[in-house]
Amino acid sequence: MRKKIIAGNWKMNLTLAEASAITKGLVSATNSSSYEVMVFPSALHLETVSSLTKGSKLIVGAQNAYQSGLTAMTGEISPTQLEEIGIQTVLVGHSERRQFLGETSEFDNQKILYFLKAGLRVVYCVGETWAEREKGNTFSVLEDQIKKGLKDITSDLFSKLVIAYEPVWAIGTGKVATPVEAEEAHAFIRKEIGNLFVGAATIAENIQILYGGSVKPDNIKELLAKPNIDGGLVGGASQKLDSFLGLLK
């Protein structure tokens, strides 16, 4: 049975004091939770947050990294540097990086391949814009992102991969896909993963697929009740301790 994940993406938010306070409050709750709990702090806060979670079940991940060992790449972070401070999970392909920083699924594929082969866990984000949904292109967009983003990933690497479906129109807008709409997209993604290569059906059945987009304590249970939704990638509601804890109830 697939374990449910609640992952908080703090984006470019929170002071170090705020991030530390939330982390401390989450540690004990995480240790007794049936969920797998993750936080993705700002890069500047990774070392502190990671140190606060030692000995706990709370997983700390990076919002971004570059697909290389130590090298001359100004402004980027290497997985080698992340692993030095205990970080072994990375987000890839978040819609904000696609939309504002020009990341493509092909570029994300380079990252995913490198990180998985390096032993890191990857949360790969996919999702359509409102314009794409209005044109009826949701499934073709998801198919393209899955096929290009997961190209050449061998079966042995999928155990370290998590998918997050994030309809771009629902991120930070207060809008949320209905549980039926979210389940429909998740089922499609699972089917597409099963079609990637011969024998991928078992991989598709076992892979965790999260929903992201205005997830809150008052809608999380209804979303998680759907058979293909395995958790949430949460923005705003993860940036306050009380609402984060509300997601875990």
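In strand S8 (residues 231-234), glycine 232 is the bridge partner of tyrosine 211. Strands S7 and S8 pair in the parallel sense over 2 bridges; two strands are said to pair if DSSP finds at least two bridges between them. Helices (H or I, at least four residues) and strands (E, at least two) are DSSP runs, numbered from the N terminus. The model is predicted: local features need pLDDT of at least 70, side-chain atom pairs count only at pLDDT 80 or more, and totals for chains, interfaces and linings use all residues. Residues are numbered from 1 along each chain as its sequence is written, and side-chain values use heavy atoms, with hydrogens and water left out.

The pairing of S7 with S8 belongs to an open sheet of 8 strands, in the order S3-S2-S1-S8-S7-S6-S5-S4, with parallel pairing. Strand S3 (59-60) and strand S4 (89-92) stand at the edges; each has a single partner strand, so one side of each is left without a neighbour in the sheet. Helix H5 packs on this sheet and touches S4, S5 and S6. The direction of H5 makes about 165° with that of S5, where axes are lines fitted to C-alpha atoms, for helices over the stretch in contact, and angles run from 0 to 180 degrees between N-to-C directions.

Phenylalanine 115 lies in H5 (residues 105-117). This residue is buried, with a relative accessible area of 0%; buried means under 20% relative accessible area, exposed over 50%, and partly exposed in between (1.4 Å probe, protein chains only). Leaving aside neighbours within four places in sequence, phenylalanine 115 is in contact with Ala65, Tyr66, Gln67, Pro79, Val90, Val92, Leu120 and Val122, contact meaning heavy atoms within 4.5 Å. Proline 79 is 36 residues away from phenylalanine 115 along the chain, yet their C-alpha atoms are separated by 7.4 Å.

Strand S6 (residues 161-165) pairs on two sides. Strand S5 (residues 121-126) runs parallel to S6 and is joined to it by 5 bridges, with valine 122 standing opposite leucine 161. Strand S7 (residues 209-212) and S6 pair in the parallel sense over 3 bridges, and tyrosine 165 has tyrosine 211 as its bridge partner in S7. Of the 5 residues in S6, 5 are buried. Both faces of the strand are covered, with Leu161, Ile163 and Tyr165 on one side and Val162 and Ala164 on the other.

A nonpolar core is a set of buried Ala, Val, Leu, Ile, Met, Phe, Trp, Tyr and Cys residues joined through side-chain atoms within 4.5 Å. The largest core has 60 residues, of which Leu150, Ile163 and Ile193 touch the most other members. Helix H8 (residues 179-194) provides the largest share of this core, 5 residues. Another core, of 12 residues, lies apart from it and includes Phe40, Val162, Ala164 and Leu210. Beyond its neighbours within four places in sequence, isoleucine 193 is in contact with Ile146, Leu150, Phe158, Ile163, Ala200, Ile203, Ala204 and Ile207.

Alanine 182 also lies in H8 and is buried, with a relative accessible area of 0%. Apart from neighbours within four places in sequence, alanine 182 is in contact with Ala177, Tyr211, Leu223 and Ile229.

The axes of helix H7 (residues 138-149) and H8 come within 10 Å and cross at roughly 40°. That angle makes H7 oblique to H8; angles under 35 degrees count as roughly parallel, over 145 as roughly antiparallel, 65 to 115 as roughly perpendicular and the rest as oblique. The crossing of H7 past H8 is right-handed, a term used if the near helix is turned clockwise from the far one by less than a right angle, with anticlockwise being left-handed. Phe139, Leu142, Glu143, Ile146 and Lys147 in H7 meet Glu184, Ala185, Phe188, Ile189, Glu192 and Ile193 in H8.

Two loop residues complete the account. Aspartate 152, in the loop between H7 and S6, has a phi near 70°, a positive value in a residue other than glycine. At 55% relative accessibility, aspartate 152 counts as exposed. Lysine 11, in the loop between strand S1 (5-9) and helix H1 (16-31), likewise has a positive phi, of about 50°, although it is not a glycine. Lysine 11 is buried, with a relative accessible area of 17%.
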